[in-house]
Amino acid sequence: MFRKAHRNIRRSAALLFATLSFWPVSAVRAQAVGDRRPSRLERSVDASIKPGDDFFAYANGSWLKATTIPAGKERWGARNEIDELTRQRVVTLLDAARIAPAGSAARRVADFHAAYLNEAAIEARGLAALKPLLDSIDRVDDKAALTWLLGRGMRADVDPLNWGVYRSGHLLGLSVEPSIHGEKTYVAFLLQGGLGLPDREYYLSTEPRMQALRTSYLAYIGHLLALAGFDRASERADAVMALETAIAHSHVARDVSANDHNADIVWTRADFARQAPGIEWSAFFAAAGLTKQEAFVPWQPGAVRGVAALVASQPLQAWQDYLRFHAVDDHADVLPRAFAEAAMALHGAASAATGQAQQSPRAQRALDATQLAMSDAIGRMYAERYFPAEHKVRVQAIVANVAAAFVRRVEAATWMSPSTKALALAKLKTLYVGIGYPEHWQDYADLTMDPLDAVGNLRRAADRTYRHAVARLGKPVDMTEWWIAPQMVGAILVFQQNAYDFSAALLQAPKFDPAASDAANYGAIGAIIGHDISHFVDVLGAEYEVDGRMRHWWTPADSSRFRAWAEPLVQQFSGYHPFPDAAVNGKLTATENIADLAGLAAAFDAYRRTLGSRLTDKEYLRAKDREFFLGFAQSWRTRIGEGAMRTQLTSDHAPEMYRVATVRNLDAWYAAFDVLPGERLYLEPKARVRIW
């Protein structure tokens with residue numbers, strides 16, 4: 001599944017981009033534009049740089065001069081600006097929701113958020129909200145009772161095919177989503193879980209940093225159990241750690257989990273007894289509310305076998321202490337301060353061990369938890385406030401025009417065989433593109449939120465999510481279902497639904513600017529839309545048919561010709577050297593670079609069609625063409641530190657300044673900016689790459 005959803009070097013802004021810019025600053029060039037009053041886009045350029053030498057630096061000149069990378073960040077760009085603005089908007093929405101009518105979805109959101117932030121109430125309640133759960137663990141007196149409790153504790157907190165969430169916070173996790181074989185109803189996926197540290201390597205690696213982290217984790221387990229009032233905390237911690245280590249041995253690594261063909265494995269209820277003995281599976285599924293479900297996809301079958309064997313072989317006391325610890329650890333952030341601070345220190349160290357971000361301040365954690373608990377409700381609030389209908393209509397028109405332009409390019413592609421082209425066109429003509437927000441909103445009437453009960457709110461929200469997931473089993477797949485929240489900055493390609501969803505939050509300047517011209521918006525959001533649409537028929541989309549079935553539908557000859565047509569673009573990107581000792585990997589980044597070119601070309605075609613009779617007005621046409629290309633370049637504005645740049649060079653996405661250089665493959669760019677032979681971006685006409 002393709003998703004969209006992406007070292008701090010302290011230097012002055014000027015020095016940083018002098019170092020990273022891949023072409024030097026050149027002399028001033030006189031600008032001939034059609035409008036005597038330069039547009040905002042034109043006023044943002046650096047006229048001391050030739051567009052044909054470094055179009056990224058030219059187009060983003062004012063922004064680059066005014067922008068530095070914030071302290072603690074490795075990069076800063078348009079996406080970061082949108083992220084921060086969206087975060088502030090969501091905070092504003094939550095503040096306003098405090099006076100929403102009682103019982104409304106907005107008030108439920110506000111109550112959840114308020115409870116999470118109410119540290120005085122959290123201190124006063126202590127462990128009272130966890131007592132029913134801890135009491136149920138105390139009552140476990142045999143393996144049958146343990147099995148029932150494990151089943152009751154399963155949650156819908158994984159998502160293997162859309163977002164690549166392969167590990168549950170509970171012993172096993174459930175996901176209910178479309179599968180890869182063209183199934184007409186939703187499929188039940190079971191995924192590995194049960195670990196307190198991020199994954200198996202934290203338990204099994206012999207690296208000193210991981211060994212040190214395990215020592216800290218063992219101490220943390222004992223500390224949390226002692227804080228919760230359990231005696232023999234150290235002894236109990238040893239048993240919990242041993243059990244988790246045994247669970248980790250049954251887990252598979254992330255690269256194995258990331259294979260979509262894990263969905264090929266299907267077990268019936270009867271298969272579980274044969275394949276994974278040790279658990280009374282009928283009792284487990286009954287407790288989990290899955291009595292009627294006859295088939296499951298065990299995404300990591302070895303992990304299912306492993307936990308079943310451990311239920312049979314490990315002492316009941318060890319399982320009880322394991323469940324006690326996780327009951328406390330799972331809710332530590334909304335327990336008294338001693339619990340929260342211990343958890344934050346441990347999990348922050350675990351993140352730091354692999355270079356991930358440190359723990360956020362409490363206000364951010366409360367915001368994140370609220371979004372997770374009631375994402376759709378917040379999304380509706382966000383869309384109603386910040387993404388009006390006229391914006392959606394305007395973007396939908398751009399989508400329709402860009403999609404039609406790309407269809408025409410596919411129809412004209414000479415490297416594609418007729419049979420393959422027919423399948424590609426069928427996919428494009430049935431593609432669902434969701435803009436801004438979903439077709440249907442969830443109803444939260446069945447969710448109770450208490451502004452004084454943070455623990456209870458977390459548990460009720462998780463329980464509701466699980467119940468709603470189970471309720472979808474056996475129902476027809478909604479091919480327009482969204483898998484991204486409107487207030488999440490991003491987009492997602494859902495190949496098994498032949499669908500593409502673009503969130504309202506990403507539709508902000510400079511990606512989409514309601515105040516900008518159509519030309520600029522086609523260059524910005526239009527090119528992004530074209531990029532993503534092309535993925536449905538390129539090497540990524542070639543793995544999925546129009547009905548969402550995973551089957552490669554390109555012929556070997558198509559693949560061979562595609563590679564041959566793409567090779568000049570591979571070489572083009574391999575020639576970019578941000579450092580003397582490091583270059584862009586043109587082969588690794590090829591899929592995204594080809595999509596950039598496809599999107600830019602289709603968006604340009606679509607924009608030109610909007611000009612109608614004014615196509616013959618050369619002065620107007622030149623001005624609008626410039627707006628198109630400047631809109632494209634400015635939508636990718638970014639500053640990036642050396643460490644982050646070197647890291648990005650190992651990824652499948654080229655750095656933004658090189659992606660902007662894609663313009664050198666479009667003839668119209670040369671005319672719009674008077675690009676001449678000898679300038680660094682100049683390509684002879686026959687060297688300009690055309691694939692779609």
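This is a predicted model: local features need pLDDT of at least 70, side-chain atom pairs count only at pLDDT 80 or more; totals for chains, interfaces and linings use all residues.
1. Two helices cross. Helix H11 covers residues 208–227 and helix H17 covers residues 316–330. Their axes lie 10 Å apart, and the packing angle is about 85 degrees. Angles of 65 to 115 degrees count as roughly perpendicular, and H11 and H17 are therefore roughly perpendicular to each other.

2. Which residues of H11 and H17 meet? From H11 they are Tyr 217, Tyr 220, Ile 221, Leu 224 and Leu 225. From H17 they are Asp 321, Arg 324, Phe 325, His 326, Val 328 and Asp 329. The residues of this contact divide into seven nonpolar, one polar and three charged.

3. Aromatic pairs come next. A search of the whole structure finds 42 of them. A pair of aromatic rings is described by the distance of the centres and the angle of the planes. Two pairs are described below.

4. Phe 272 and Phe 296 form an edge-to-face pair. The rings are 5.6 Å centre to centre, with 85 degrees between the planes. Phe 272 belongs to helix H14 (residues 269–275) and Phe 296 to strand E5 (residues 295–298), so the pair ties together parts that are 24 residues apart in sequence. The cut-off for buried is under 20% relative accessible area.

5. Tyr 576 and Tyr 658 form a stacked pair, 5.0 Å centre to centre and with 15 degrees between the planes. Tyr 576 is in the loop between helix H25 (556–574) and helix H26 (590–609), while Tyr 658 is in helix H29 (residues 656–660), so this pair ties together parts that are 82 residues apart in sequence. Tyr 576 is buried, with a relative accessible area of 4%. Tyr 658 is also buried, and its value is 0%.

6. Some rings join into a cluster through ring pairs. Its members are Phe 55, Tyr 58, Phe 604, Tyr 607, Phe 628, Phe 629, Trp 669, Tyr 670, Phe 673 and Tyr 682.

7. Where does the charged end of Arg 688 sit? It sits over the ring of Tyr 670, 3.6 Å from the ring centre. The charged end of Arg 688 also sits over the ring of Tyr 682, 5.6 Å from that ring's centre. Both Tyr 670 and Tyr 682 belong to the cluster in the previous point.

How values were computed: Residues are numbered from 1 along each chain as its sequence is written. Side-chain values use heavy atoms; hydrogens and water are left out. Axes are lines fitted to C-alpha atoms, for helices over the stretch in contact, and angles run from 0 to 180 degrees between N-to-C directions. Helices (H or I, at least four residues) and strands (E, at least two) are DSSP runs, numbered from the N terminus. Angles under 35 degrees count as roughly parallel, over 145 as roughly antiparallel, 65 to 115 as roughly perpendicular and the rest as oblique. Contact means heavy atoms within 4.5 Å. Ala, Val, Leu, Ile, Met, Phe, Trp, Tyr, Cys and Pro count as nonpolar, Asp, Glu, Lys and Arg as charged, and the others, Gly among them, as polar. Rings of Phe, Tyr and Trp (its six-membered ring) pair if their centres lie within 6.5 Å; planes under 30 degrees apart count as stacked, over 60 as edge-to-face and the rest as tilted. Buried means under 20% relative accessible area, exposed over 50%, partly exposed in between (1.4 Å probe, protein chains only). A charge sits over a ring if NZ of Lys or CZ of Arg is within 6 Å of the ring centre and within 35 degrees of the ring normal.
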